[in-house]
Every structure is written in C-alpha cells, then in structure tokens.
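Trainee: Please take me through the terms applied to this entry, and the grounds for each.

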Amino acid sequence: MTTLNGKTAKIRVAIIGSGPSGFYAADQLLKQREPEIFVDMYERLPTPFGLVRGGVAPDHAKIKSVTKLYSRIASHERFSFFGNVEFGTEISRFDLSEHYHGILYAVGAQTDRKLGIAGEDMLNSYAATEFVGWYNGHPDYRAYDFDLSGIKRVAVIGVGNVAMDVARILARTPQELYGTDIADYALDALRKSDVEEIYVLGRRGPAQAAFTNPEIKELGEMADADIIVDCEDASLDELSATHLKEARDRSAIRNVKILQSYVDRGITGKSRRIIMRFLVSPSEIIGNGKVEAMKIVKNELVLDENGNLRPRATDQFEVFPVDMIFRSVGYRGVPLRDVPFYDRWGTIPNDRGRVLTKHEGKERLKGNYVVGWIKRGPSGIIGTNKPDAIESTNCFLDDLAAGDVLQPSDTRCDSVLEMVRMRKPAFISFDEWKILDEIELRRGIDCGRSRVKFTRVEEMLEALGKTPALAGAGK
Ligand code: NAP
C-alpha cells in the first residue's frame, strides 16, 4: 500500500493502450468505490485516444468528439497516463507485474489483413489502414507518399465502414476537407488528386455489405461526387431475399433500400464518381511492378453448413484498368511480447476478457486481461467497447475479490514513476498531452482549421522541451 497526495493506493491496474476500449475500462475501474483502484495507462505514442485520433475519418468530427469524455476520465485523481512508452520493448509484462494487481491489454488491431492474390505487393497497391493512418497524421504512416496526381481510377476492395471512409476521403473536395483535422501533407496530396472514379467492390451482395446505414447514405450526399449503382448490382438474388426476410435484419434492409435508391440517379455531372459493385472478388492485380489493372471474378452466393451466405467464384472474369488499389478487408491484431496470441484470429486468447495461455485452453495467465479489438477481433463501433470493457473489468473485480490476481511487491505511485522514468525518461503525462492538444488547436485557429496535428514524435517532444538525448534514453 502506498500514498498519492495523501490517499492510500490499495489496488493498481495497468492498461496498455489508450483507445476507446482502454478508456471505457479505466472508467469502470475508477468508478469502483471499494476498493479504490488506481489506473495507469501506457501508450506507445505520445498522444492518447488510439483509433479515435488515428483511425476515425477527419470529416467525422462528431465521432471524434468522444475524446472529451475520455479526457474527463483522464482527469480523475487516481488516473495516470504514460505516453511514449512501448509495452514489450521499453516496459515488460514482468516490470508491470512488480507494481500492478492487474494488467489489461487494450492495444486494438494494429495491422491489416491481406487478400492473398498475385500482384498484391505491387507499387500503388495499399492497405486501407495505411491510407487511413496517413491522412490522419499517425506518426507510423506519415512517411507514406500517396501521390494521387496522375491517378484516375482507384479500386477499394471490401464494403465495410473503413472502405466507406477511404472512398469518401478520396471523393471529397479540398474545400470540404480543409476545415477538418486531416494531416496537412494529406490535404496537399488530395488537392493534387486526379482521381475521377472510385470503384468499391463487395465480394458478396448488397444485403451482406458490412457498412452501416449512415455511411452508405453519406456517400450519396457528396458535394462533387456522384454515386453509381447498377440495377443488377442493387438487386437481390433469391437466397439473399429470403435470408433478409427471415432474419429481419433492419440495418441490411435499409442498406439495400439506400443502394436501390441510387440506381435511378445516374450521373449528374459531378467531377468524381463512386461506383459500387457487388458479387465480385479480385483474383489478380496486373501490372509491370506497378498497378495497371485488376482481374475480378463474378461470384454467386451459396449457403454454407452454418446457414451463412458465402461467395463462390464463377467462371466469369473481367479485367479493368485501375491505377491504385486499397484493400479494405479488415484490421488484424499483432502479438505482444510475453503475452499469448492466437495467430489465426489475430487476438489474445481469452475467456470473457481473462487472458488464457492458449486458444480454447483452460489455463489462465493470472492477473492479465484483455479488452477491445485485441479481445474480440476488429468489429463493432466505438460504443461496442463499453459493454466489452464492463465484461473484462468485471472479471478483474471478481478475481480481485477472490484474491486471484497478481501480487505486486511495490504498488507505491513513487516507485511506478521511478520505474517509468528509468525505462523511458521522455514519457508523456496527460498534462503534457494537454499542452500538445492546445498547440494543435491554436495552430488550427490560426488558419481556419479545426486542428493542425503534430505528425512526428520528435516534433511533439521538442514542443514539450524534451531533448532527443532524453527521448532516446532508457530504451
Ligand atoms: P469490416 O466491417 O469487417 O468489413 C470488411 C469488409 O471486407 C467486408 O465487406 C468483407 O466482406 C470484406 N472482405 C473480407 N475479406 C475479403 C476478401 N478476401 N475479399 C474481398 N472482400 C473481403 O471491417 P472494416 O471496414 O475494416 O471495419 C472494422 C470495424 O470498424 C467495423 O466494425 C466497422 O463498422 C468499424 N468502423 C466504424 C466506422 C464508423 O462507425 N463510422 C468507421 C470505420 C470503421 P465479407 O462480409 O464478405 O466478409
């Protein structure tokens, strides 16, 4: 037991990752009256908020405003933020076990899934996640060079909400993007864009699309881009029609209605066109080291043994010219050092949030918990993380009550601080993040934008007066 500003720190939990699932979990733990729990959040980047900062599209400011809630959670006197500290390299699970009763992994899914087709690694073939990180000014992706000048046709593979984001950002005018917090360099590159056609390709039919109603509706409301949906693409095959009726899936029914409403619109003369195609899969990317065309195969839907409609390739192929490709077929978790990982799903094996030593195993990694995409896979919207966090933190609280958690040797705030300082002298506290936040907002006001982001870690450290020597020490 230890003291912080005169208070007794009985229980201490480390949360790894500062996205929505981490903050909802922190909130649950901080709300406990008895015992009082101290929460320390570790984040690899100097900035908090995970995908809300680095993933949510810049033109979705309302969704991003959830950070106000997270900042309120962070202002709790029993909450600490240690940004710019990487779990696994700069701080280990064993370091944390010395100081915490529980460790909760909330690291999300940091990479993308691949298509597994020929030509996928060619120049101008990208993961949507790379483009998303780039336009959002994520330090890991800022060095990408998305040169859109001379690019006329782009294909986006997949029909989830990330595909919607990518298609929308490519179709927006510079004027629409200017007021957002999109990275400065991305705004410049998009200003020079020659993109005219954006193909969005779904491997199944319109009734199985993964996008949600507001996102597909928004694609029909673009200032200078038409949405084109062919009658054949918007119509349902017999299996889908029956399935939709039986399942009473309101979101899917509405998606189909919205798509069908686009059929009669045709081209209205806007500068860009978003063309939705369904029941097609890319089978090969063609080019001489650089994307030139894509071969797609027409699919039909068949029922699998679980009653799900799956795509099956026919013998009908089509080749169409395309200059750039974004695969948007889902995110994927990456393993953390000394933490179990189930490679097939890209998740940490767990039972309702309790980390297991292996997938479908029985043995627990005592005192270790997981929440968010790294727990359940990359699905759901931001709010989905709230019940998920309740489930995981309840597991910790039950284990705590049963005395079945880690037994740290030193939970004093001072010793935690000393450990972090030793491992990463240039760690960033939440107050320091607030200084960066202020600077970004002020730079935005100066030029009529909502925010001008820092996109380099070194710039952030410099703005806080942290010297490079300090930044590198302790690694
Ligand atoms: P997602 O929703 O899982 O969609 C992935 C898409 O890729 C699906 O259409 C899927 O088709 C398709 N796909 C998968 N493998 C494929 C393959 N081999 N070939 C062709 N297509 C393939 O993933 P996401 O778009 O990355 O989004 C991740 C999560 O973030 C989702 O829950 C999403 O709703 C959420 N998100 C929300 C917002 C928002 O609320 N505005 C914005 C962005 C992301 P099948 O269905 O046939 O597998």
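Mentor: Let us begin with pairing: two strands pair if DSSP finds at least two bridges between them. Strands are DSSP runs of E with at least two residues, helices are runs of H or I with at least four, and both are numbered from the N terminus. This is a predicted model, in which local features need pLDDT of at least 70 and side-chain atom pairs count only at pLDDT 80 or more, while totals for chains, interfaces and linings use all residues. Residues are numbered from 1 along each chain as its sequence is written, and side-chain values use heavy atoms, with hydrogens and water left out.

Trainee: How do you know that strands β10 and β12 pair?

Mentor: Five bridges link β10 (residues 197–201) to β12 (residues 272–277) in the parallel sense; at least two are required, so the two strands count as paired. Val200, for example, has Met276 in β12 as its bridge partner.

Trainee: What makes β8 and β11 edge strands?

Mentor: They belong to an open, parallel sheet of six strands, ordered β8-β16-β9-β10-β12-β11. β8 (125–127) and β11 (225–229) each have a single partner strand, so one side of each has no neighbour in the sheet. From one strand to the next, the twist averages 20 degrees.

Trainee: What does helix α6 touch in this sheet?

Mentor: Contact means heavy atoms within 4.5 Å. In that sense α6 (residues 128–135) packs on the sheet, touching β8 and β16 (324–327), and its direction makes about 75 degrees with that of β8. Axes are lines fitted to C-alpha atoms, for helices over the stretch in contact, and angles run from 0 to 180 degrees between N-to-C directions.

Trainee: Why is the pairing of the seven-strand sheet called mixed?

Mentor: Strands of a sheet pair through backbone hydrogen bonds, either parallel or antiparallel. The open sheet in the order β5-β4-β3-β6-β20-β19-β18 is mixed in its pairing. Its edge strands, β5 (79–83) and β18 (350–351), each pair on one side only. Asp351 has Arg354 in β19 as its bridge partner. Helix α15 (residues 385–401) packs on this sheet, with β20 (364–370) among the strands touched, and its direction makes about 145 degrees with that of β20.

Trainee: How many bridges join β14 and β15?

Mentor: Ten bridges join β14 (residues 291–303) to β15 (residues 309–321), and the strands run antiparallel. Ile296 stands opposite Glu318 in β15. The hairpin has five residues between the strands, and its Gly307 takes a positive phi near 85 degrees.

Trainee: Which helix gives the most to the shell around the ligand?

Mentor: Helix α7 (residues 161–171) does, with three residues.
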